[in-house]
Amino acid sequence: MTAIMIQGCTSWAGKSLLTTALCRWLARQGMSVAPFKAQNMSNNARVVDGGEIGVAQWLQARAAGVKPDVRMNPILLKPEAGGSQVVRLGQVDHELSRRPWRSRSRALWPVVENALADLLDEFDVVVIEGAGSPAEINLAADDIVNMRVAERADAAVLLAVDIDRGGAFAHLYGTWSLLPERQRARIAGFVLNRFRGDARLLPPAPEQLERLTGVPTIGVVPMLRHDLPDEDGAALHDTSARPDGPTVAVVRYPAASNLDEFVPLEQVADVRWAREPAALHGASMVILPGSKHVAADLAWLRRTGLDDAVRTAAGAGVSVLGVCGGLQLLGTSLDDPHGVDGSGPALGLLPLATTFAADKIVRQRGARLPAGLAPPWHGLAGLDVDGYEIRHGRTDVHGHVDVATADALVVAHGNVAGWYLHGLLEDPAVLEALFGHRPRRTADDTYDLLADAVSEHLDTDFLRRLVK
């Protein structure tokens with residue numbers, strides 16, 4: 001059993017992408033590889049056997065060619081108003097969710113430790129992703145995701161920095177110097193990530209840094225154009241590469257969730273985030289995505305005027321699609337007898353009444369999209385699709401619509417539609433039916449691109465010595 005850990009000097013240092021790249025590269029060397037992140041904070045999750053995990057570890061497992069597993073992300077924190085929901089081994093832990101943040105680590109560490117031990121026993125290599133920075137000394141006493149994990153796994157640590165932000169060598173040296181001596185000794189190499197300058201200008205800094213720390217810089221990774229979502233799913237990709245296709249406005253309310261599912265859409269449409277009514281102008285489709293807090297996001301829509309803007313767009317014939325929480329927002333009412341989310345009238349674009357339940361539905365689900373869909377959805381009729389559900393609540397139809405399946409899994413009337421299944425807009429056949437084109441690149445293409453970047457830009461002999 002061997003472990004390599006990617007830590008970062010800061011958040012957004014590119015840890016998730018580097019971990020994904022190493023998973024694919026190691027798998028191409030013939031090793032069995034598992035990703036691991038002890039604790040992830042994200043409202044973007046995927047359903048696996050046993051529950052839900054952060055989307056980053058789901059992608060990393062697929063890059064490694066293995067089945068995603070709740071042990072790969074044993075603790076998922078999903079931000080909520082005033083706190084966070086704790087998902088432990090795929091399932092919501094209501095008692096831990098009520099605890100203050102600092103009081104959770106003692107209860108969560110055994111879960112982390114056992115999941116990590118299982119993966120170390122089962123795989124040749126575990127590639128571990130840290131969170132934030134290991135040198136956040138105000139949080140060190142409660143660490144269950146950075147150096148404590150590295151020590152438990154006996155992992156060699158690669159410390160990454162986003163050089164595009166500037167101050168990279170100070171970040172690396174400062175992080176190294178703030179760590180206790182035993183933890184400094186775990187740092188095997190530095191990685192300069194997201195570089196887009198002239199590499200001839202870097203010397204003598206890497207050599208000076210090595211003299212100060214004893215740690216070599218093992219690679220300079222360029223800014224990579226890729227088709228994977230960022231961990232929070234909120235960053236759109238290079239706008240210069242988008243097609244001259246239809247404009248799709250995705251309403252990004254504060255508690256929007258599962259935004260990662262719209263990344264393939266960027267290959268067939270000009271996707272923009274909408275945070276104000278003007279962002280809907282010129283859009284041929286408006287999407288209301290999932291929501292971790294539907295009632296709060298509905299209040300935000302009203303404060304910004306986007307509620308009226310969405311209704312106006314629908315009245316003008318613009319296609320309006322709601323996904324999961326977005327479907328609930330399109331209805332007429334929200335009822336919350338258990339205090340899960342909130343009650344009140346919704347947007348009123350579909351005759352749907354949603355009642356929130358205490359328990360969350362988390363499951364993978366296949367479906368055949370129904371006949372009877374009117375334009376612009378008619379091309380979807382009869383398609384077999386696979387998706388996943390992560391939601392609270394039951395939705396009932398109480399008026400005339402063109403199509404309504406059992407449990408309001410799919411509801412459509414005219415140019416307004418909603419479905420509970422996440423992931424349909426990642427299906428090439430669905431995208432072709434709605435927009436006339438399939439994505440040109442697949443996730444596997446991106447995994448291979450990332451592995452090629454490891455081969456080209458990192459010291460692979462050094463990496464092989466770490467895992468032998």
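Asp335 stands opposite Thr355 in S21. The strands that meet here are S19 (residues 333–335) and S21, which pair in the parallel sense over three bridges; strands are DSSP runs of E with at least two residues, helices are runs of H or I with at least four, and both are numbered from the N terminus. Two strands count as paired if DSSP finds at least two bridges between them. This is a predicted model, in which local features need pLDDT of at least 70 and side-chain atom pairs count only at pLDDT 80 or more, while totals for chains, interfaces and linings use all residues. Residues are numbered from 1 along each chain as its sequence is written, and side-chain values use heavy atoms, with hydrogens and water left out.

S19 and S21 belong to an open sheet of four strands with the order S20-S19-S21-S22 and mixed pairing. Its edge strands are S20 (344–345) and S22, each of which pairs on one side only.

Strand S21 (residues 352–368) also holds Ala353. Ala353 is partly exposed, because its relative accessible area is 21%; buried means under 20%, exposed over 50%, and partly exposed in between, with a 1.4 Å probe and protein chains only. Leaving aside residues up to four places away in sequence, Ala353 touches Thr332, Ser333, Arg394, Thr395, Asp396 and His398, where contact means heavy atoms within 4.5 Å.

Ala404 has Val411 of S24 as its bridge partner. The hairpin of S23 and S24 has five residues between the strands, and Asp407 in this hairpin takes a positive phi near 60°.

S24 then pairs with S25 (residues 416–419) in the antiparallel sense over four bridges, and Val410 stands opposite Trp419 in S25. The hairpin of S24 and S25 has two residues between the strands, and Gly414 in the turn has a positive phi of about 60°. S25 is also paired with S18 (residues 319–323), this time in the parallel sense, over four bridges. In that pairing Val320 stands opposite Val416.

Helix H9 covers residues 294–304, and its buried residues include Val294, Ala295, Asp297, Leu298, Trp300 and Leu301. An α-helix has 3.6 residues a turn, so residues three or four places apart point the same way. Gly305 follows H9 and has a positive phi near 85°.

What is the volume of the second largest pocket? About 780 Å³ of space lies in it. On a 1 Å grid over the protein atoms alone, a pocket is an open set of points with protein on both sides within 12 Å along at least five of seven lines, a cavity is a set where a 1.4 Å probe fits but cannot get out, and lining residues have an atom within 4 Å of a point. Grid points are joined across faces, edges and corners, and a volume is the space filled by probe spheres set on the points. The second largest pocket has 30 lining residues, and Arg46, Trp58, Arg62, Glu426 and Ala443 lie nearest its centre. Two or more lining residues come from each of S4 (45–48), H2 (55–64), S22 (384–397) and H13 (443–457).

There are four cavities of 30 Å³ or more. The second largest cavity has a volume of about 70 Å³. Its lining consists of Leu17, Leu18, Ala21, Asn193, Val221, Leu224, Leu450, Ala453 and Val454. H1 (15–28) and H13 each supply at least two of the lining residues.

Over the whole chain there are 14 helices and 25 strands. Buried residues make up 57% of the 468 residues. Among contacts between residues at least 6 apart in sequence, 73% join residues at least 24 apart. The C-alpha trace spans about 70 × 50 × 40 Å along its principal axes.
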